[in-house]
Amino acid sequence: MLGLEKKDTRLFLIVIGLTMLAPFLLNPFPEGSEMAQFNAGYPDLMQRFVIFGIFAIGFNILFGLTGYLSFGHAAFLGVGSYAAMWMFKLFGMNVVPALLLSVVLSGLFAVLIGYISLRRSGIYFSILTLAFAMMSYALAYSVLATDMDGPDKQGLMQKGLTGGETGLQLSVQDPRILGAKAGADGNTPVPNFFGIEMRSATEMNVGDWVFTFSAGYYFSAFVMLIAFYISIRIFRSPFGMMLRAIKSNQQRLNYTGLNPKPYMLAAFVVSGMYAGLAGGLMVAMDPLAGPERMFWTASGEVVLMTILGGVGTLIGPVLGAGLIKYMENILSKINSEILHQWFAWMPDGLEDLVVTLIYPFIGKGWHLTLGLMFMAVVIFLPGGLVEGGQRIMAALRGRKAKDKKSDADADVKPAE
Amino acid sequence: MDAILLQILNGLDKGSAYALIALGLTLIFGTLGVVNFAHGALFMLGAFCAVTLNNILSLSHEIVDETQTDFLGNPLRVEVPYIYDWFGPEVGASIIEWSVPLAILFSIPIMIAVGFIMERGLIKHFYKRPHADQILVTFGLAIVLQEIIKYFYGANPIPTPAPPAFTGSFDFGTMLGFEPGTIIYPYWRLVYFFFAMIIIAGVFAFLQFTTFGMVVRAGMADRETVGLLGINIDKRFTIMFAIAACVAGLAGVMYTPINSPNYHMGMDFLVLSFVVVVVGGMGSLPGAVLAGFLLGILESFASMRQVVDLLPGINQIIIYLVAIIILLTRPRGLMGRKGVMED
């Protein structure tokens with residue numbers, strides 16, 4: 001289908017199914033039940049799953065295929081956000097031109113940064129990208145926020161190009177030459193896709209379950225599916241093979257008379273465009289853009305996602321993004337009272353002990369769990385969750401099949 | 001002239017911190033070949049050693065003070081640190097006030113132990129893995145360490161004052177014949193600078209003038225040959241890791257009065273220290289120290305008003321800008337050796 005191999009078609013269909021049915025699948029517990037807090041089927045979180053999925057897919061094209069570890073990818077996320085925001089402010093609330101501008105601008109930005117950073121490899125490349133991202137952050141935070149044309153010349157409500165610390169926000173005074181200045185209710189208008197508002201959602205009640213279908217989520221999901229499809233095609237293309245050759249032995253590539261630089265720059269730009277797309281989508285879902293999206297912790301987060309899910313695998317980054325966002329939003333909500341409820345059946349002393357032992361790892365301490373998980377993955381499962389899944393499957397299929405599989409694995413690098 | 005001198009002085013304390021962290025990073029990189037992203041966390045752990053010692057020294061018990069009464073006429077209950085009981089109130093109070101310098105002694109065994117456990121428990125297994133894996137696992141470790149600290153000490157900065165003898169500032173300018181009041185410099189920053197100089201000199205002397213240091217230097221140059229000569233170089237490198245951890249920890253201990261420690265201070269410094277290491281030249285100890293001070297001073301020059309007026313925002317990006325320029329024009333950094341981290 002669509003020029004994909006059989007295996008990839010199956011994977012793609014599974015991903016399509018999962019994303020389309022996500023409002024059901026992520027809401028397995030009935031409303032009002034004690035387990036309802038583990039439901040992740042609300043639009044805000046589902047949107048984050050797919051948006052960070054796009055970000056991680058893009059990052060994986062660079063890191064998974066070429067092995068160049070960029071520690072500054074959030075810069076493109078930030079550029080994409082600002083670009084989409086300006087499109088909303090100056091032209092209109094349709095998300096399509098906004099996303100286009102985010103992709104194009106972040107792509108141009110990636111050409112600039114990539115051209116310089118890719119002159120060096122290894123840790124130097126990481127430091128260079130980090131330095132560029134931190135520079136962008138500092139500039140967005142301070143310099144670009146100073147108004148050079150005097151205060152509010154165009155009636156814009158923010159300072160300078162980026163709005164500094166507060167970031168960019170929509171306002172009813174924005175010019176918006178191709179759209180209404182204010183929504184029907186007189187507030188700031190909502191981003192829309194040719195009239196379909198991103199915020200609109202329908203609810204469906206089935207028994208005790210409440211499923212929410214949000215236009216924003218399905219729009220982002222479609223964008224993610226397209227992004228995912230493109231990434232499969234890149235992985236299977238001669239271009240992808242070239243990138244893998246760069247990862248395994250760049251010198252040999254040089255000796256065969258091929259110049260790896262243009263390929264790497266292309267990979268860097270593509271992955272920057274993915275990040276910009278993710279940034280633009282974030283703004284389309286929630287019209288806000290601030291400099292903190294460019295901070296190096298944001299770059300670190302996408303590294304975590306990709307590694308956790310599985311570097312160089314197709315589906316890994318999406319899984320990693322989903323897992324981290326789930327933990328961030330669900331695990332962090334559990335507090336000690338809920339824990340006490342869960343372990344109420346234990347004898348009193350034991351209950352307190354168990355709660356005290358678990359407490360540091362949940363709630364506000366979810367980062368600790370994340371850090372430990374991440375370390376465990378890097379140490380024991382360099383292929384991430386995907387490799388873990390493959391190993392479990394292999395173990396289930398029995399020993400004989402496993403031997404066969406490990407033979408196959410020896411040929412196929414984890415970058416598959 | 002006085003303004004320039006003031007900026008140089010201002011850059012010294014931050015430069016000292018950069019230099020100390022970068023020195024430790026380079027030691028680890030030069031000996032073990034490991035890129036340690038958890039080094040900032042070690043700096044932070046050192047700072048929290050000082051906080052912990054302060055807390056331990058101020059452990060108190062409640063007694064009834066008959067000489068004081070509250071507004072109802074009842075005897076007042078006051079908290080008295082145990083240390084007052086043991087050494088008398090005056091000596092006790094000064095011990096608490098001097099907790100930051102005392103924390104140097106307190107932190108050395110802790111940091112050596114932490115460094116030892118880290119190397120033997122985790123990093124040992126990553127010698128043969130790619131640099132990207134080393135970066136990632138130490139990055140994870142840094143997150144874990146800083147979250148543990150956050151759990152026990154909270155997210156807010158904890159002010160830890162310097163001993164009263166070193167609080168306040170002195171007029172440095174008058175000593176050099178400038179107008180009074182032009183160059184005011186806090187005592188503690190000067191202490192920090194001299195402390196950093198002593199540590200750096202100590203590390204260099206240790207490497208240069210002891211047999212142990214000689215073996216380590218030989219190992220840095222050619223690990224295999226040293227191993228073939230029947231020397232257990234791994235053991236020595238582990239000790240060097242512990243020393244590097246200790247250097248970072250001490251830098252953190254002494255930095256607490258300058259900047260109240262919080263759980264993410266390590267990461268803030270780490271990002272810059274990596275830039276410092278790269279500018280200095282990966283694997284070059286003098287380069288790391290030189291680049292640390294250089295970038296610290298450059299940063300403070302860039303935050304001068306005249307400079308900021310001329311180039312707005314330059315103070316925020318100067319370090320990164322310098323790093324980019326240096327990496328592109330002198331790929332090995334200021335004093336980098338050939339063949340280090342070059343694939």
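In this predicted model, α3(A) and α7(A) are roughly parallel to each other; angles under 35 degrees count as roughly parallel, over 145 as roughly antiparallel, 65 to 115 as roughly perpendicular and the rest as oblique. Helices (H or I, at least four residues) and strands (E, at least two) are DSSP runs, numbered from the N terminus. Two packed helices are described by the angle between their axes and the distance between the axes. Axes are lines fitted to C-alpha atoms, for helices over the stretch in contact, and angles run from 0 to 180 degrees between N-to-C directions. The table gives two pairs of chain A.

| Helix pair | Angle | Distance between axes |
|---|---|---|
| α3(A) (residues 43-66) and α7(A) (residues 215-236) | about 20° | 9 Å |
| α4(A) (residues 74-90) and α5(A) (residues 95-117) | roughly 140° | within 8 Å |

The crossing of α3(A) and α7(A) is left-handed. A crossing is left-handed if the near helix is turned anticlockwise from the far one by less than a right angle, and right-handed if clockwise. Residues are in contact if their C-beta atoms, placed from the backbone, lie within 7 Å. On α3(A), the contact includes A:Met46, A:Val50 and A:Ile57. On α7(A), A:Tyr217, A:Met224 and A:Phe228 are among the residues that take part. The contact of α3(A) with α7(A) has 14 nonpolar, five polar and no charged residues. Ala, Val, Leu, Ile, Met, Phe, Trp, Tyr, Cys and Pro count as nonpolar, Asp, Glu, Lys and Arg as charged, and the others, Gly among them, as polar.

Among the residues that make the contact are A:Phe76, A:Ala83 and A:Phe88 of α4(A), and A:Leu101, A:Leu105 and A:Phe109 of α5(A). Here 13 residues are nonpolar, three are polar and none is charged.

Now the two chains together. In the contact between them, 36 residues of chain A meet 32 residues of chain B. On the chain A side, α6 (122-141), α11 (296-309) and α15 (366-380) each supply at least two residues. The largest share, twelve residues, comes from α6(A). This side of chain A has 24 nonpolar, ten polar and two charged residues.

Next, chain B. Chain B has 15 helices and four strands. Its radius of gyration, taken over C-alpha atoms, is 23 Å, close to the 20 Å of the globule rule for 343 residues, so chain B is as compact as a globular protein of that length. The globule rule is 2.2 Å times the number of residues to the power 0.38. The C-alpha trace of chain B spans about 80 × 55 × 35 Å along its principal axes. Of the 343 residues in chain B, 46% are buried. A residue is buried if 20 or more other C-beta atoms lie within 10 Å of its own, exposed if 12 or fewer, and partly exposed in between.

Two residues of chain B close the report. B:Gly33 is in the loop between α1 (2-32) and α2 (39-57) of chain B. B:Gly33 counts as partly exposed, because it has 18 C-beta neighbours inside 10 Å. B:Phe87 is in helix α3 (residues 82-87) of chain B. With 14 C-beta neighbours inside 10 Å, B:Phe87 also counts as partly exposed.

Residues are numbered from 1 along each chain as its sequence is written, and chains are lettered from A and ligands numbered from 1 in the order in which they are written. In this predicted model, local features need pLDDT of at least 70, side-chain atom pairs count only at pLDDT 80 or more, and totals for chains, interfaces and linings use all residues.

Methods
Contact = placed C-beta atoms within 7 Å.
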